[in-house]
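This report looks at aromatic rings and their contacts. Please keep the sequence and structure in view while reading.

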Amino acid sequence: MLSLFDYDATLPIKLDPIEGPSIQNVKFDSPTGNVIEAYIVTPQGEGPFPGILWVHWYEPHSPNSNRTQFLSEALALAEEGVVSLLISTMWTPVDWFSTRSLDDDHDSSIRQVIDLRRAVDVLASLPKVDVDRLGYVGHDFGAMYGAILASLDKRLKTFILMAGTACFSDWFLLGQKDLPDDQRQAYIEKMAKFDPVNFVGQADPASVFLQFGDNDWFVPLEKAQAFFDAAQEPKKMEVYKAQHDLDDRARHFRRAWLREKLGFGEAST
């Protein structure tokens, strides 16, 4: 199963800078043929610094349903000595969900995971990054595909997975009320191989921190619990009085977790 996500890691990395010194707007090629746009946020100083890959959510009504979602967090952590890579994804376009095809979800999922693997290559290649202190933060689809990545890339020491559901069909079949039962079942079985609950338990030795809201229409608490139950130690789950976008309290605990697991800021003193 894991061989589905194999890729050529020997391809040279070429970043195409566009602007800035502390915030760089770049793009890089993936072995899938996709061109990934990204921000690189780099602290002052020589390093080496821990590095974090941030993967945004999908909320077409929100202006931060793209690589800007975590930019303020990345800038705040740069003050504590953290390099951040914030990337675009297949769900960056506002109309992605309504224009995608059920028939393509399988292959698109494979390409997206390979894109994430390439993003880790890029993060690890940055000159100020300590490759022994890499982390991942993903929200929504970013959490779900991050769970797959957790089973594949052992360079990452910790994963924060925010408001993801246990099975891709929970979301990919939204709005498909007219789909015949046999086609629905066939789709569920086809996509089940990618379900986060089948991968998050293989994250070890990386730690996993799952964050959920208690008023999240998209992720009922039983789905959150199933996601957490599938993970192996070391793991932690917190449920906040929040909706799908979570809240400032979740952000506070997210930063504390990253400080502890990646060894920077207050946790390094």
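Which residue lies over the face of Trp257? Lys261 does, at 4.7 Å from the ring centre. Note that this is a predicted model. A further charge sits over a ring elsewhere: Arg100 lies over the face of Trp96, 5.9 Å from the ring centre.

| Charged residue | Ring | Distance to ring centre |
|---|---|---|
| Lys261 | Trp257 | 4.7 Å |
| Arg100 | Trp96 | 5.9 Å |

Now the ring pairs. The structure holds 21 aromatic pairs. Take Trp54 and Phe70: their ring centres are 5.1 Å apart and their planes meet at 35 degrees, so this pair is tilted. Trp54 belongs to strand S3 (residues 49-55), while Phe70 sits in the loop between S3 and helix H1 (71-78). The pair therefore ties together parts that are 16 residues apart in sequence. Both Trp54 and Phe70 are buried.

Phe141 and Trp171 form an edge-to-face pair. Their centres lie 5.1 Å apart, with 80 degrees between the planes. Phe141 is in helix H4 (residues 141-152) and Trp171 is in helix H5 (residues 169-172), so this pair links parts 30 residues apart in sequence. Phe141 has 2% relative accessibility and therefore counts as buried. Trp171, at 5%, counts as buried too.

Phe141 and Trp171 also belong to one aromatic cluster. Its members include Tyr58, Trp91, Phe97, Tyr145, Phe168, Phe172, Trp217 and Phe218. Trp96 is another member of the cluster, and Trp96 is the ring that Arg100 lies over.

Definitions and conventions:
Residues are numbered from 1 along each chain as its sequence is written. This is a predicted model: local features need pLDDT of at least 70, side-chain atom pairs count only at pLDDT 80 or more; totals for chains, interfaces and linings use all residues. Side-chain values use heavy atoms; hydrogens and water are left out. Rings of Phe, Tyr and Trp (its six-membered ring) pair if their centres lie within 6.5 Å; planes under 30 degrees apart count as stacked, over 60 as edge-to-face and the rest as tilted. Helices (H or I, at least four residues) and strands (E, at least two) are DSSP runs, numbered from the N terminus. Buried means under 20% relative accessible area, exposed over 50%, partly exposed in between (1.4 Å probe, protein chains only). A charge sits over a ring if NZ of Lys or CZ of Arg is within 6 Å of the ring centre and within 35 degrees of the ring normal.
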